Every structure is written in structure tokens, then in C-alpha cells.
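Here are my notes on the model, as numbered points. Have a look at the structure first, then read on.

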Amino acid sequence: MAKFRYFTQPFSIKNLTLRNRIVMPPMCQYSATDGVPNDWHFVHYASRAIGGVGLIIVEMTNVAPNGRITPNCLGLWNDQQRDAFKRIVDIVHSYGAKIGIQIGHAGRKAQDCDDVVAPSAIHYGELDYAGQNLKTPRELSKDEIKEIIQLFQNSVKRAVEAGFDLIELHGAHGYLIHQFYSPKSNQRQDEYGQDRMLFGEQIIKAAKAVMPADMPLLMRISAQEYSANGFDSDYGVEVAKRFAAAGVDMFDVSGGGNGALAESKHPPFAAGYQVYLARKVKEATGLPVIAVGMLDNPALADYVIGSGDADLVAIGRGLLREPYWVLNAQYRQNASDSTPIADIPYQYIRGFN
């Protein structure tokens with residue numbers, strides 16, 4: 001079996017060096033009370049650090065109570081939440097991984113909320129992925145938009161104080177930033193409708209203003225919508241270029257999430273089905289990218305990096321099933337020739353001999 005040559009290599013951006021190219025992407029756990037992380041989150045993230053992941057990105061963490069997807073989602077709108085995250089950051093660092101946090105606002109995809117907001121008062125158009133009835137949002141005023149930008153900045157500042165290694169802004173999957181830059185969900189007549197990328201640009205600049213200069217800012221974008229009347233990847237590239245010019249250092253490239261899937265609007269769902277989007281954004285912006293989408297096969301993950309299509313790969317469902325995905329991928333490959341495996345905790349060495 002050919003050796004893994006690429007995903008095991010370190011990666012550096014600004015002041016951050018990762019031990020390998022494997023990313024645990026943000027995946028909601030719906031397990032918080034009042035937005036505060038608890039023992040579930042502690043064990044969940046610590047176990048992936050022990051398992052060898054290079055970069056862990058904490059699930060979507062919201063800037064306001066009405067920005068949560070569900071009442072059980074994480075928040076970072078107060079100092080109690082910030083202080084609870086410090087414990088998680090410290091344990092992840094102790095096992096050699098780096099950790100970022102995804103800051104976002106659900107906008108019109110908020111559930112069980114009495115004040116659902118969006119760029120325009122347009123219903124999502126269907127049940128959400130969990131079968132919940134979503135509400136028609138009310139349109140944000142310009143003053144409220146400014147307040148939300150400030151809330152983003154406040155949450156980013158708390159994340160820096162908690163010791164996170166990087167910040168990721170959630171601008172994908174039909175959440176608020178995506179809602180603003182998508183023509184189908186933003187039909188405003190003011191400057192935020194005439195320039196749909198303005199809201200995201202202002203959030204990027206607000207985040208950068210409270211981050212250390214050498215700390216990376218990531219952004220997750222949907223580089224293509226997979227729904228009826230959704231934008232194509234050429235528009236998605238223009239979004240990425242605008243946000244890169246505003247200060248984004250790296251993109252986490254996904255697709256879809258702003259309406260029901262429409263025939264012929266999405267690629268076939270197969271292993272690596274969204275890698276082409278990562279490659280297109282990387283070529284257009286010149287910035288490093290994370291590829292996502294059914295990359296659980298270690299050989300495929302290695303190929304995506306080796307081909308230059310992406311700089312890092314996100315392993316989502318695979319890491320939910322197998323916290324030690326990185327260690328086990330190397331073990332399965334190297335067991336026949338006893339090649340040493342990096343980053344095995346000494347307590348577990350017997351399991352890999």
C-alpha cells in the first residue's frame with residue numbers, strides 16, 4: 001500500500017502551525033444549556049485531539065440567543081460562556097492539536113425562537129433538515145444590522161480571550177451571512193441589498209479589528225447553492241474574492257444550505273463531490289482552502305492534498321464515528337511494516353504495536 005505522503009505533513013498559516021492537514025469541521029452537538037459548553041463538549045473535542053486531529057473547529061457558536069439554530073446550541077455572547085470554553089481549549093492544546101471556533105448567526109434558520117430575523121422577510125420555503133417548521137423572519141433594520149455586526153465582534157473578542165488559535169466566521173449553509181450575500185434571500189432595497197456582500201465584509205473587518213494581527217481568520221462559504229434559483233460557482237468565487245480582499249486568510253469551502261435541493265443544481269453526491277469548489281476558490285483567491293464533502297477515505301484525503309486541490313481536508317462524519325481516525329488510518333497502512341506512528345498517547349501505544 002502506498003504511504004500517506006500529504007495529510008500527515010504539517011501546515012502553517014500566519015502564527016499557526018498544525019501537526020497535520022486533517023481538520024475536524026464544525027458539527028453541531030445540540031447539547032448546550034444557555035449556550036454554555038459542558039462535559040459533553042469537553043470529552044467530544046478532547047477525544048479528537050487525543051486521536052491525532054491537526055485542527056479542531058468548534059461547532060457553530062452564536063452571537064446572540066436568537067442567533068441559535070436551536071435552544072441547545074452554543075453561544076459566546078457572555079463571559080460565562082467564554083470562561084467555559086477555556087477549559088476545552090486547554091485540554092485540546094495539551095494533546096498537541098490546535099483549536100478554532102466557528103462564530104455565526106442562524107438568521108431565518110433559527111428554531112423555537114420568538115424573534116426570527118433575516119435580510120428580508122422571506123420564508124426558507126420548506127421544513128428544515130430535522131423536520132422542524134421554520135418561521136417567516138422579519139426584516140432587520142439598518143440599526144439592527146449594525147448591532148449584529150457589533151455582536152459578532154464581541155464574540156470574536158471573547159474567543160480570542162478564551163485562547164482559541166483561529167476564528168472561523170460561518171458564511172455558509174443558509175445562515176445569516178450567507179442569507180445576505182445570496183440574491184434569493186436578500187431582496188432589500190437599501191445598501192445591504194444593492195451590495196449583498198457588504199454585511200459579510202463589515203463582519204470580517206470588525207472581527208479583524210479585535211484579533212491579533214498574526215492570528216488567522218477563516219471563513220466558511222457556500223461557493224454554490226444547490227437550490228432552485230440558487231447562485232452558481234462563478235458567483236461564489238466573486239463572494240470569496242470580495243471576502244479575501246476584506247481580510248480573510250483561508251476559506252473553508254462548502255456548498256448548498258439555502259433552500260431545498262433542486263434537480264441539476266448540485267453535483268452527484270459521491271466521495272469528494274465538493275472538492276471542485278475548493279479548487280476553484282483557491283485558484284481565484286490564491287488563498288489556502290479546506291475541502292469538505294465525503295472525504296472519509298484516507299487515501300482520497302491524501303490525494304486531494306497531494307493534487308493541490310486543497311491544503312487541508314475536513315473529515316466530518318468519519319470523526320463522529322471514529323475519534324481516532326488519524327491514528328487508525330496510519331496504523332492500518334503501517335501495521336505490516338511496523339512504521340512508527342506519530343502522536344500516539346503513551347497510554348495507548350500497546351494498541352498500535
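1. Overall make-up. The protein has eleven helices and 13 strands, where helices (H or I, at least four residues) and strands (E, at least two) are DSSP runs numbered from the N terminus. Its radius of gyration is 20 Å, close to the 20 Å that the globule rule gives for 353 residues, so the protein is as compact as a globular protein of that length. That radius is taken over C-alpha atoms, and the rule is 2.2 Å times the number of residues to the power 0.38. Along the principal axes, the C-alpha atoms fill a box of roughly 65 × 45 × 40 Å.

2. Ground rules. This is a predicted model, in which local features need pLDDT of at least 70 and side-chain atom pairs count only at pLDDT 80 or more, while totals for chains, interfaces and linings use all residues. Residues are numbered from 1 along each chain as its sequence is written, and side-chain values use heavy atoms, with hydrogens and water left out.

3. Surface and burial. Buried residues make up 60% of the 353 in the protein; buried means under 20% relative accessible area, exposed over 50%, and partly exposed in between (1.4 Å probe, protein chains only). The accessible surface comes to about 14,000 Å², and 50% of it belongs to carbon and sulfur atoms. Those areas come from the Shrake-Rupley method with a 1.4 Å probe; for residues, only the protein chains shown count as cover.

4. Contacts along the chain. Take the contacts (heavy atoms within 4.5 Å) between residues at least 6 apart in sequence: 70% of them join residues at least 24 apart.

5. The α2/α3 pair. The axes of helix α2 (residues 79–94) and helix α3 (residues 142–162) come within 8 Å and cross at roughly 40°. Axes here are lines fitted to C-alpha atoms, for helices over the stretch in contact, with angles from 0 to 180 degrees between N-to-C directions. The crossing is right-handed, that is, the near helix is turned clockwise from the far one by less than a right angle. On the α2 side the contact is made by Asp79, Arg82, Phe85, Lys86 and Val89, and on the α3 side by Arg158, Glu161 and Ala162. Those residues divide into three nonpolar, no polar and five charged. For the classes, Ala, Val, Leu, Ile, Met, Phe, Trp, Tyr, Cys and Pro count as nonpolar, Asp, Glu, Lys and Arg as charged, and the others, Gly among them, as polar.

6. Helix α11. This helix (residues 325–334) is mostly covered, with eight of its ten residues buried. Among the buried ones are Trp325, Leu327 and Gln330. What do the buried residues of α11 pack against? Their partners are β3, α1, α9 (298–306) and α10 (317–321).

7. Two backbone angles to check. Most residues other than glycine have a negative phi. Tyr30, not a glycine, has a positive phi of about 50°; Tyr30 lies in the loop between β3 (22–24) and α1 (39–50) and is partly exposed at 33% relative accessibility. Ser264 also has a positive phi, about 75°, without being a glycine. Ser264 sits in the loop between β11 (250–254) and α8 (275–285) and is exposed, at 70%.

8. Two buried residues. Val36 is in the loop between β3 and α1 and is buried at 14% relative accessibility. Leaving aside neighbours within four places in sequence, Val36 is in contact with Leu74, Gln80, Gln81 and Ala84. Ser47, in helix α1, is buried at 14%. With neighbours within four places again left aside, Ser47 touches Pro323 and Tyr324.
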